[in-house]
Amino acid sequence: MSLLDRREALGLSALTLAGALSNSATSFAGASLPSGLSGDRFKAALKDLRLIVGDAWVFADPEAILPYEKSYIPDPQGRHIPCGAVCPASTEEVQAILRVAGQYGLPLWPISTGKNMGYGSATPATPGQMILDLKRMNRILHVDPDLATALVEPGVTYQQLSDYLAEHNIPLWIDVPTVGPIVGPVGNTLDRGVGYTPYGDHFMFQCGMEVVLADGQILKTGMGSLPQSTTWQAFKWGYGPYLDGLFTQSNFGVVTKMGLWLMPKPPVYKPFMVRHHKMEDIGPLVEAMRPLRIAQLIPNCVLMMGAAYQLSMFKRRSDVWDGEGPISDEAVAKAAKANELGMWNSYFALYGTEEMVAAIEPVTTAALRASGGDVLTEREMNGNPWFHHHETLMRGGLNLDEIGMVRWKGAGGGLAWFAPVAPAKGEETKAQTDLAKQILGKYGFDYTAAWVIGWRELHHICALLYDRSDPEEHARADQCYNELVVSFAKKGWGSYRTGVSSMDLVAKQFGETNRNVNQALKRALDPKGIIAPGKSGIM
Ligand SMILES: Cc1cc2nc3c(=O)[nH]c(=O)nc-3n(C[C@H](O)[C@H](O)[C@H](O)COP(=O)(O)OP(=O)(O)OC[C@H]3O[C@@H](n4cnc5c(N)ncnc54)[C@H](O)[C@@H]3O)c2cc1C
C-alpha cells in the first residue's frame, strides 16, 4: 500500500493531502512545516531533539507520523497535519525540548494520551506543528487513600489508575469519560472533559498542577510552590490569583503532573433509567431534573440521551433507516421501542448508605414520574446493553461500547462533537434541540445528541456523524458544523469545547476583549508562540 493509499484508508482524502502540502510554506518528506522554518533548520532541530530523548523517540518520516494524523473531525483542506512527534520521558526532557523549540521556532502541540476523539484526536490546530507526545510519562506518583487524592503524569490512563486502586485494594472510585480505558485524566481534564459519577466535572475535582512554561521554567500551582508543601493535592486555590484554569483549553504551558480527587466507594450504589417517549419531553424532563441536581439530591452528572444517539452505539444507520435525508422521528421511535428505549433516556444514580438511598429515592422518582417518565431500575432493565453501559459509567467503570457510534454512517468514521451550553431550563433546552435538529437536517445529518446536566447548566452534546470517506459529505459536514457554531452564538449559546478545525471560529463568538486578554496572556507567557498555536483560537 502506498503512503497515499494508507492516508486514504485513514480517512485523509487525496484532496486533504494535496491541501496539506499546498498550505505549507515548506515541506519535509511530504509533511508541511510551520511557516518560517526551512527544511534544513527543521533537520537541525530534529538532531537536537534526538540528543534529548534518543533516536527512537523522535518521528518525522511520513509513515511514522501517520498515527498522529488520524482524526474523525471534518478537515477537508487537510489543515491539521503535524510535521513530526517527539516523546519525552521526564519533566527535565520536556524543559529541554521547549528550549530547543524556542531556539528554532518549532511549534509543539502537547498531548497526554492523544485520544481527543471527535475534537481532533492528536492533531494540531494549525499545520506543521510537532506533536509533544507525553505518553511515556505514565507514572502514578502518589495515591493518598485517606485524603482520596492522586498525583499522576500525563500518560496515565484511567484503566491504569483503576488497576492501581484494585491491585492496592484502595476503596476509591475514579470518574471516567465514556472512552475511559484508552484515555487519561490529564488530557481529559485539561480539555475540561466530563464523566458521570458525582465527580463528573473533572476540572472541579482537579487539585494542583506542575507546568513547564515556554522558557523551560517549572511552575507548581496551588499549594505546590511551597517547598515542603503537604497540601498540594488537598487545597485547590493556593494563595493569590488562582492559576490552574489558565492551563486548561489553552496554550500557556505544558502540564507534566496533575492532582485529582477520587471518590470514596459508597456502601450502596443504585442506578436508574428514566424513559420519556416524545421528543418534546426534553423540556419537562429538564424542569424536573434541575431542582434535583441543584439540591444535590441527584449527585451525579446525569446523561439524558436522545434515542438516535443511543441507537448509534450498537446499530448501523442502515438497520434503522433506508430513506432519504435525516432519519425520521418515527423511524427512531420505532427502533427505540424495539430496544426498550424511549425518545429520551436519562441515567442517574443514588449513592450512600441504605438509609440515605431509601430516603432520597422516593423524592427523585416521584418528580421524574410527574414529568412523564417511566422510572426503571436494574430489576426491569437487567440485560439491556444501554442500561448496562450507563450503569457502568455512573460507578466510574470502564467500557468502550460508545465508540461504535463512529460506524453509524458509511465506512469513513466521521464524528465531530458540537457542544453548546444551555442553562438548565426546559424552554431553552427544547429551543436548542429544535435548532440543532433543523440545521443538521438541512445538511442531511441526523440529530444524534445527548444532554449532560451539571448543576445549573447542560452540555448539549451533538454528535455530527458523517462518512469521512465521501469527499462531498466530508465538506458538507464541515459547513454544517460552522453553521451550527454561528447560529447558536447568535442566540447567545456558546460551545464549552470544540475541535481543532473550529477553534478560531468558536473563539470569535466570544468577542474581541476576550480574545485580546487571551492573546496578552500568551504574549506574556510564550512570546515566541511555541506552545500549541491556534489552541482555543489563541496564536
Ligand atoms: C465515542 C466517544 C465518547 C466520548 N465520550 C466522552 C465523554 O464522556 N467525556 C469527555 O470529556 N470526552 C469524551 N470523548 C472525547 C475524548 O475522546 C475524551 O475527552 C478524551 O479523554 C480526550 O482525549 P485524551 O484524554 O487522550 O486527551 P489528549 O488528547 O491527550 O488531550 C486533549 C487536549 O488537551 C491538551 N493537552 C493534553 N495534554 C496536555 C498537557 N500535558 N499540557 C498541555 N495541554 C495538554 C491538548 O490541546 C490536547 O489536544 C468521547 C469521544 C468519543 C469518540
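## The ligand and its contacts

An oxygen atom of the ligand sits 3.0 Å from an N or O atom in the side chain of Asn188. Ser112 also reaches the ligand through its side chain, with an N or O atom 2.7 Å from a ligand nitrogen. Gly184 uses its backbone instead: an N or O atom there lies 3.4 Å from an oxygen of the ligand. On its own the ligand would expose 960 Å², and the protein buries 97% of that (accessible areas by the Shrake-Rupley method with a 1.4 Å probe; for residues, only the protein chains shown count as cover).

There are 32 residues around the ligand, meaning that each has a heavy atom within 4 Å of it. Ser112, Thr113, Lys115, Thr178 and Tyr196 come nearest.

## What kind of model this is

This is a predicted model, where local features need pLDDT of at least 70 and side-chain atom pairs count only at pLDDT 80 or more, while totals for chains, interfaces and linings use all residues. Residues are numbered from 1 along each chain as its sequence is written, and side-chain values use heavy atoms, with hydrogens and water left out.

## Domains

The domain assignment (automatic or from a database) gives domain 1 (3-136 + 529-537), domain 2 (140-264) and domain 3 (268-498). The centres of domain 1 and domain 3, taken over C-alpha atoms, are 34 Å apart. Their contact (heavy atoms within 4.5 Å) takes twelve residues from domain 1 and 17 residues from domain 3.

Definitions and conventions
Polar contact = N/O pair within 3.5 Å; in protein donor to acceptor, adjacent residues only side chain to side chain.
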